[in-house]
Amino acid sequence: MEAARTGYAPGVWDLFHIGHLSILREARRHCDRLVAGVASDELTWRLKGRPPVIPLAERLEIVRSVRHVDDVVVETHEDKLHVWRQVGFHIVFKGDDWKGTPKWNVLERRFAKVGVEVAYFPYTVHTSSTLLRRALELMQLTEPLHQESGHEQDMSHQERTVQDKEETGAAQK
């Protein structure tokens, strides 16, 4: 009998979106057991120079709740082989926006030495956490939305605020 094939899908999983879901869904098709690595707030800060929008506990719960995921671990080390020693995965999954980068070229060679396959899945160009973060920054309201009855008025105010910020940004360039 063949041993179960464990896959590993690392990420920050901040502002969870369709691209994240697609990677997890596709990853699960290539393994018997899928473990998702969720980067700690501190690791995210070190890697990206900014904290995630969604706190770790909530990101863990979101990813854990995806039916394609069998288990989650918190990633606290940048070195993926450290996680491999903990989890013992056979294949690691990543978006193809990482393919060919110096970091993942090195990781591919290191993983090959221990028998771990690296699989890349198509990056969702139209949706990313970075784009969502930028949109949220543009949409910051000067006034909170209080009641549904004033929704249309509040939305037109919000649209003006976004437009003003976009015009200011364009003028500064």
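Two strands pair when DSSP finds at least two bridges between them. I take helices (H or I, at least four residues) and strands (E, at least two) as DSSP runs, numbered from the N terminus.

**Ground rules.** I'm looking at a predicted model, where local features need pLDDT of at least 70, side-chain atom pairs count only at pLDDT 80 or more, and totals for chains, interfaces and linings use all residues. Residues are numbered from 1 along each chain as its sequence is written, and side-chain values use heavy atoms, with hydrogens and water left out.

**The sheet.** I started with the strands and found an open sheet of 5, ordered S3-S2-S1-S4-S5, with parallel pairing. S3 (71-75) and S5 (117-121) stand at the edges with a single partner strand each, so one side of each has no neighbour in the sheet. On average, neighbouring strands are turned by 25° against each other, direction ignored; for such angles, axes are lines fitted to C-alpha atoms (for helices over the stretch in contact), and values run from 0 to 180 degrees between N-to-C directions.

**S4 and S5.** Gly-95 stands opposite Phe-121 in S5.

**Helices on the sheet.** Contact here means heavy atoms within 4.5 Å. H1 (residues 18-29) packs on the sheet, touching S1 (6-11), S2 (33-39), S4 and S5, and its direction makes about 145° with that of S2. I also found H4 (residues 80-87) lying across S1, S2 and S3, at about 140° to S3.

**H5, side by side.** Which residues of H5 are buried? I found Trp-104, Leu-107 and Phe-111, where buried is under 20% relative accessible area, exposed over 50%, and partly exposed in between (1.4 Å probe, protein chains only). They cover an arc of only 55° around the axis, which puts them on the same side of H5; the arc is that of the directions from the helix axis to the C-beta atoms. An α-helix has 3.6 residues a turn, so residues three or four places apart point the same way. On the other side of H5, I noted Pro-102, Arg-109, Ala-112 and Lys-113 as exposed. The cover over the buried residues includes H4, S4 and S5.

**H4 against H5.** Last, I looked at how these helices pack: the angle is about 35° and the axes are 10 Å apart. Lys-80, Leu-81 and Trp-84 in H4 meet Trp-104, Leu-107, Arg-110 and Phe-111 in H5.
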